[in-house]
Amino acid sequence: MTTTEDGWRADAREEATDIDAFAQSDDPQMQHIVERIDTLRASIDNIDMAIVALLAERFKATAQVGALKARAGFAAADYAREEQQMERLRLVAQAAGLDVEIAEQYREFVVTETKRRHRRIAEQGGDAGVLDIFA
């Protein structure tokens, strides 16, 4: 990565700042800003780890649902459930102060991935083990 004297990436397609380049600044205000960014980023990293762990748990549960659907001969999709989920997520997003579009994108990702996984389970005769990444 090439960085200019002022901390900007020379090869970036959009403006970007290498915050670490400012960590040793002589300006106390700049040092405070960089320290605050570092603290917030540590919090963000912890949140990301929690989100990934929760997604893993979510997909473990949906794999069990997929296995049960396959045994019963149910389709991967359940449009009534999807609509209920979307309405619930819209309300949760609004209450949390989150842009509803982000909640809709999240729901679209998990529902699409869940249905894809349910189809794979059904193709394997209801064996959720087909999704085991450690197999």
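Is Phe-59 buried or exposed? Select this residue to begin: its relative accessibility is 11%, so Phe-59 counts as buried. Please note that the model on display is predicted.

Colour the helices to see where the partners belong: Phe-59 is part of helix 1 (residues 28-72), while Phe-109 is part of helix 3 (residues 100-123), so the pair ties together parts that are 50 residues apart in sequence. Phe-109 has a relative accessibility of 44% and therefore counts as partly exposed.

Now select Arg-117. This residue lies over the face of Phe-59, at 4.7 Å from the ring centre.

Proceed to helix 3 as a whole. At 1.5 Å a residue, its 24 residues should span 34 Å, and the C-alpha atoms at its ends are 34 Å apart, which agrees. To view its buried side chains, select Ala-103, Arg-107, Val-110, Val-111, Glu-113, Thr-114, Lys-115, His-118 and Ile-121, which are buried.

Finally, visit the two ends of helix 3. At its start, select Asp-99 and Glu-101: a side-chain oxygen of Asp-99 reaches to within 2.9 Å of the backbone nitrogen of Glu-101. At the other end, select Gly-125, which follows helix 3 and has a positive phi, near 70°.

Methods:
Residues numbered from 1 in each chain as written. Predicted model: local features only at pLDDT ≥ 70, side-chain atom pairs only at ≥ 80, totals over all residues. Heavy atoms only, no water. Helix = DSSP H or I, 4+ residues; strand = E, 2+ residues; numbered from the N terminus. Buried < 20%, exposed > 50% of the residue type's maximum accessible area, 1.4 Å probe, protein only. Lys NZ or Arg CZ within 6 Å of the ring centre and 35° of its normal. Expected span 1.5 Å × (residues − 1). Polar contact = N/O pair within 3.5 Å; in protein donor to acceptor, adjacent residues only side chain to side chain.
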